[in-house]
Amino acid sequence: MVRRTLSALGRGVALLGAALLGEAAALVMLAGVLLSLMLGLVFLFPPAVRLARAAAGLHRRLAGRWSAGPVDDPYLPAPGPPVRQPDGWYRDGRTLYKTPVVPAFNLRLNWLLKDPATWRDLAFLLTAPLLGTAVAAPAVLAAGGVLLTASGVPAGLAAVAVAAAVAPWYAPRAVASYGGVAALLLGPTERARLARQVNRLAAARDEAVDAQAAELRRIERDLHDGAQARLVAIGMTIGAAEELLASDPQAARALLVKAREASATALQELRRLVRGIHPPVLAERGLADAVRALALDTPLQTHVTVDAPEGLEAPLESAAYFAVSELLANAVRHGGASEAWVDVSTHGSALRITVTDDGRGGADPSRGTGLTGIERRLGAFDGVLALNSPLGGPTTAVIDLPRAVRGRTRPVPTGRAVTLAVCWTLCWIPLFPQGLVAAGFKIAGSTEKAWFLGLHVAEPYQWPVIIGMILLGGTMLAGAALQTAKHRESRAGECA
Amino acid sequence: MRVVLAEDLHLLREGLVHLLRAHGFDVVAAVESGPGLLEALVAECPDVAVVDVRLPPTFTDEGLQASLAARRRVPGLPILVLSQHVEQLYARELLADGSGGIGYLLKDRVFNGEQFIDAVRRVAAGGTAMDPEVIAKLLVSNARKEPIGRLTPREREVLELMAEGRSNAAIGQRLHLSESAVGKHTAGIFAKLDLAPSDDDNRRVLAVLAYLNSR
């Protein structure tokens, strides 16, 4: 308890320090903004914003580490470099430039100016000291008290005592609420989040389209050079056998044997091709058994645990399957592993696949084409591959496919959310002032009526109104708590 | 010998019926879907069944599931499963009850009528017929098992043919060895793999397959 309080107090003071730093950065930025907008010193603007962003980043990290959980950057993606026109000039609006310097600067300036996050940062940093002081209030109060006592005012001791009494309850909560406020003001807005997602999806779609086209070309080539060519040869061989049938049955027979062998080879090639397109076992049994079949086919001693729901989308299953296949193949080929563990499980609506092997490690996604292929394939489903492969092993690859399982995320329906919010925010009014406090007034026989409805109505209705108010507030509170708990529970069920 | 046949492709079904009839089999039922197959297997209780893995209505592994279900009801019911692709996983499921009378071959193997009919007869007699490709996969996934590495190349060849379900005589014919030489090799294999020797062909094969499947 004491340690918790002390650490919360320490964090509060650190946040106050960070807030003062932020204030300084905000003032510098404000100066930069004013100078650039009023005197045209635009070159001051980007560095000023960068400074403010650094300060906001510090707050984001502190809030992320101490209370709210990670707070993402809210900024719009940086613009790409200016595009050179075929005639060698760079266009910016209606002006042409010889070098990309000015257009690049303008692009950056526009990006910084038009990003609402820039201005939200400034607003947060300007008000941060207020927030910081509130968070560090017990420490500030205690410090003031000590100073007062030292300068001979004994009342200072009382301030220290109050600070000490309040701190255990106040300090941890203050740090937590600071995190909430920071996340709200410094986190990405829904719009920034969407903009970012659109960018990512567009890139993923381009890659998926490219990959698909390449894949189709490969299949076409394989069919053309393999099965198709062999079928032509078989047809010709059978034709030749047909002609020889009467004159030289022996030779015809030999040709037919040849045709049969060629058809077996053609089948073998088709089988290999089909495996590369969509493995039959995946089509027949789904992901769980397909992964088990994969594990059986590798020379590795492989331990598989699968807890995957049925009814995943086929393309997603396929991407997951080929990812596991590639990872196991890598473990054999490059890692020299002898044992591997594959775990497939769901977390909420996400599908998570972990592949661990006891090989040499040192796998680097930027080098092999296999791993980038996996990433691209997963990218089409918003999936990511996280690879941890220190030299000397073991290698652990974690594949996360968000929203793989359909129909599992249930946000609170809007209507109910509004009811919930009303209940939570307003339940204290009937419960405390209109209910309990009015009851206290009535019992004490006070003539003060204030704004308590129960004391303004005629005498016989006073108690019923007061009790009704208490019941109403209690029902609102209990109902809201119950609904929230229920929703949490159903969410927890999804995560289990 | 009474046969139940399950194959959804009309041409292939007719071809198989012809092939089996030509070799003196009595095709008592030729069905084309999963539910019909299970019914026929249980009602007819044939001497052997030839079953395609992928059948209507779902076109997944209906044939395999029906076969497994039928063998749960009629233990040891001889079934030869045909497929366009072979999976160790399926082989393992078919062999799981350890009672023999199981075949698992690629569809291409019907091209060679003699060998195919030989496999059907072997399965009907309670033996096994595993596709060489299944055995090759089994050996790849067992490659790191130390005793397998100690086998001589000749012993490996004998092991592959034995795992496919062939008798000593058939193995000798294939490898141009005398039956007694094959017997010596098999004894050597069993000693190296630390398996109890057995004179019974079928039990011997099942022991080898169980060994290869134990991982």
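Helices are DSSP runs of H or I with at least four residues, strands are DSSP runs of E with at least two, and both are numbered from the N terminus. The views below show a predicted model.

**View 1. Helix α1 of chain A and the residue that follows.** Helix α1(A) spans residues 2-38 and contains 37 residues. From its first C-alpha to its last, α1(A) reaches 53 Å, close to the 54 Å expected at 1.5 Å a residue. Its buried residues include Ala8(A), Leu9(A), Arg11(A) and Gly12(A). After α1(A) comes Gly40(A), which has a positive phi near 80 degrees.

**View 2. The contact between chains A and B.** Chain A contributes 19 residues to the contact, and chain B contributes 16 residues. On the side of chain A that touches chain B, at least two residues come from each of α8 (249-277), α9 (280-285) and α10 (287-297). The residues on this side of chain A comprise eight nonpolar, four polar and seven charged.

View 3. Chain B has eleven helices and six strands, and buried residues account for 42% of its 215 residues. Asp52(B) lies in strand β3(B), residues 48-52. An unreviewed UniProt entry annotates Asp52(B) as "modified residue: 4-aspartylphosphate". Asp52(B) counts as buried because it has 24 C-beta neighbours inside 10 Å, where 20 or more are required. Leaving aside residues up to four places away in sequence, Asp52(B) touches Ala6(B), Glu7(B), Asp8(B), Gly63(B) and Leu82(B).

**View 4. Strand β4 of chain B between its parallel partners β3 and β5.** Five of the five residues of β4(B), residues 79-83, are buried. Ile79(B), Val81(B) and Ser83(B) point one way from the strand, whereas Leu80(B) and Leu82(B) point the other way. In a regular strand, side chains alternate between the two faces of the sheet. Strands β3(B) and β4(B) run parallel and are joined by four bridges, with Val50(B) opposite Leu80(B). The chain passes from β3(B) to β4(B) through helix α3(B), residues 62-73, in a right-handed β-α-β crossover. Five bridges pair β4(B) with β5(B), residues 102-106, also in the parallel sense. Within β5(B), Gly103(B) is the bridge partner of Leu80(B). With helix α4(B), residues 88-95, β4(B) and β5(B) make a right-handed β-α-β unit.

How values were computed:
Residues numbered from 1 in each chain as written. Chains lettered and ligands numbered in written order. Predicted model: local features only at pLDDT ≥ 70, side-chain atom pairs only at ≥ 80, totals over all residues. UniProt positions renumbered as here; feature names shortened; annotations may be inferred. Buried ≥ 20, exposed ≤ 12 C-beta atoms within 10 Å, placed from the backbone. Contact = placed C-beta atoms within 7 Å. Nonpolar A, V, L, I, M, F, W, Y, C, P; charged D, E, K, R; others polar. Expected span 1.5 Å × (residues − 1). Pairing = 2+ DSSP bridges. Right-handed = clockwise from strand over helix to strand, strands pointing away.
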